[in-house]
Amino acid sequence: MIQPDVDLQPYNTMTIAARAKYFCTASSLDEVREALLFAREHKLPILPLGGGSNIVLTDDFPGLALHLGMRGLEFETLAAGAGSDKSTDSGVRIRAAAGENWHQLVMRSVELGYGGLENLALIPGNIGAAPIQNIGAYGVELKDSFEQLTALEIESGELVTFTAEQCQFGYRDSIFKGPAKDRFLICEVVLRLSSIWQPHVSYPALQQHFSEHGQSPDALTPAIVADAVIDIRNSKLPNPVEIPNTGSFFKNPVVDEQLYTSLKAAHPELVAFEAVDGWKLAAGWLIDQAGWRGFRKNGVGVHDRQALVLVNPGHRCGSEVVNLAREIASDVQHKFGVTLEPEPRFYP
Ligand code: FAD
Ligand code: EPU
């Protein structure tokens with residue numbers, strides 16, 4: 001069912017109206033292969049699409065937008081002794097097809113009583129995209145429960161397995177943004193959760209939430225943590241169904257000791273966390289301090305409760321969004337000497 005000239009507005013959470021030369025939803029591996037054959041015959045570039053919550057369409061896409069809609073979610077309970085590295089551990093292995101919704105997977109695992117994914121509740125999008133930027137929130141990243149993935153190599157049509165190490169996960173980063181960029185379609189992801197649960201609640205917003213709600217750290221369960229994360233997210237992040245957005249528009253920048261020290265001296269309230277390669281600054285704080293929070297122009301703007309989130313309430317075109325992002329980045333560069341890098345991927 002390859003359709004010509006399709007509006008991608010329903011397929012991206014920024015609600016940018018851009019057209020794809022061709023579009024199709026693939027619900028099986030065979031359908032993905034057929035779509036790839038079509039693209040090869042017509043020499044079309046491919047835009048893999050999940051939930052469209054981390055893309056910015058700057059123009060019409062002159063190729064095939066391939067919506068990966070494969071479904072399938074299995075929870076396999078592991079007997080004690082299964083698995084080499086966690087030999088005394090039972091737990092669960094989760095096999096999820098690319099088109100499964102991420103948040104639903106998280107909530108299903110929480111309902112079944114398994115911990116490990118609860119800090120990642122309410123992140124929009126599908127499982128197939130989760131490894132691309134190693135999704136993360138509230139002190140936890142996908143890589144912490146990742147076992148392996150299976151991807152189809154676009155060039156050869158072969159299925160290839162990637163272990164966690166081969167994925168080269170980093171902060172909002174993986175091999176699929178580096179050497180393997182645009183070469184693979186992720187078809188299935190396998191996660192492994194331990195039966196021994198350790199809550200990860202040191203993130204300041206979580207600490208504050210539990211203290212405000214009189215929640216004892218000793219009585220936490222995965223479900224309580226998931227609820228807290230959902231509450232916090234709802235209090236500051238716009239629901240894309242109501243206010244179009246792609247979440248954080250920029251990554252949190254990592255700066256060297258020298259720049260950190262001078263910024264901290266000039267702005268004692270600077271929000272920064274020590275990282276392996278320097279200091280990670282809260283980009284939202286920098287943008288907020290530069291005066292952009294709540295800004296609106298030409299139907300696009302900056303969310304009023306989280307300055308790192310650009311919004312598109314006017315359903316404007318991608319160039320309006322990109323122009324605003326450029327203005328903000330240049331202002332932050334000018335005021336703080338810090339370079340901001342976009343988090344979502346721009347197409348074409
Ligand atoms: P898409 O936007 O469809 O695709 C993203 C990229 O992955 C594109 O380059 C696309 O081509 C590629 N891709 C998609 N599927 C596949 C596949 N199967 N194989 C190969 N390539 C593929 N992210 C976080 O990490 N943490 C957060 O806390 C967070 N919060 C968010 C909050 C909001 C309100 C929003 C709108 C976004 C947020 N995001 C967050 C970003 C986004 O949810 C994640 O990046 C998510 O993984 C994107 O999933 P998707 O299916 O929508 O991907
Ligand atoms: N802050 C401000 N003003 C703002 C926004 C933030 O002062 O307008 C301050 C906050 O008060 C806080 C700090 O900046 O002290 C950090 O803010 P927050 O906890 O909201 O997190 P963030 O760094 O802005 C990151 C991720 C989010 C993720 C949260 C929770 C990136 C680029 N963003 O945001 O991920 O949900 O932490 O872990 O790393 C996404 O990737 O799309 C995304 C939403």
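The legends below describe several close-up views of a predicted model of a protein with its two ligands.

**View 1. The protein as a whole, before the close-ups.** The protein contains 8 helices and 20 strands. Its radius of gyration is 21 Å, close to the 20 Å that the globule rule gives for 348 residues, so the protein is as compact as a globular protein of that length. Taken along the principal axes, the box that the C-alpha atoms fill is roughly 60 × 55 × 35 Å, and buried residues account for 48% of the 348 residues.

**View 2. The residues around ligand 1.** There are 32 residues around ligand 1, and those that come nearest are Pro48, Gly51, Ser53, Arg233 and Tyr347. By residue type, the shell around ligand 1 divides into 16 nonpolar, 13 polar and 3 charged residues. At least two residues of this shell are supplied by each of strand 3 (46–49), strand 8 (136–137), strand 12 (184–193), strand 13 and strand 20 (345–347).

**View 3. Backbone atoms beside the oxygen atoms of ligand 1.** A backbone N or O atom of proline 48 is found 2.6 Å from an oxygen atom of ligand 1, while for glycine 51 the distance from a backbone N or O atom to an oxygen atom of the ligand is 2.7 Å. Asparagine 54 also takes part through its backbone, with a polar atom 2.7 Å from an oxygen atom of ligand 1. Ligand 1 taken alone exposes 970 Å², of which the protein buries 94%.

**View 4. The residues around ligand 2.** Ligand 2 is surrounded by 22 residues, of which the closest are Tyr138, Tyr171, Tyr203, Gln306 and Glu343. This shell is made up of 10 nonpolar, 5 polar and 7 charged residues, and at least three of its residues come from each of domain 2 (73–194) and domain 3 (245–347).

**View 5. Side chains beside the oxygen atoms of ligand 2.** In the side chain of tyrosine 203, an N or O atom is 2.7 Å from an oxygen atom of ligand 2, and in the side chain of lysine 236 the corresponding distance is 3.1 Å. Glutamate 343 places a polar side-chain atom 2.6 Å from an oxygen atom of ligand 2. Taken alone, ligand 2 exposes 830 Å², and the protein buries 81% of that area. Two or more residues of the shell around ligand 2 come from each of helix 5 (222–236), strand 13 (245–248) and helix 7 (283–289), and helix 7 gives the most, with 3 residues.

How values were computed
Residues numbered from 1 in each chain as written. Chains lettered and ligands numbered in written order. Predicted model: local features only at pLDDT ≥ 70, side-chain atom pairs only at ≥ 80, totals over all residues. Heavy atoms only, no water. Near = heavy atom within 4 Å. Polar contact = N/O pair within 3.5 Å; in protein donor to acceptor, adjacent residues only side chain to side chain. Areas by Shrake-Rupley, 256 points an atom, 1.4 Å probe, with all protein chains shown as cover. Helix = DSSP H or I, 4+ residues; strand = E, 2+ residues; numbered from the N terminus. Nonpolar A, V, L, I, M, F, W, Y, C, P; charged D, E, K, R; others polar. Domains from an automatic or database assignment. Rg over C-alpha atoms; globule rule 2.2 N^0.38 Å. Buried < 20%, exposed > 50% of the residue type's maximum accessible area, 1.4 Å probe, protein only.
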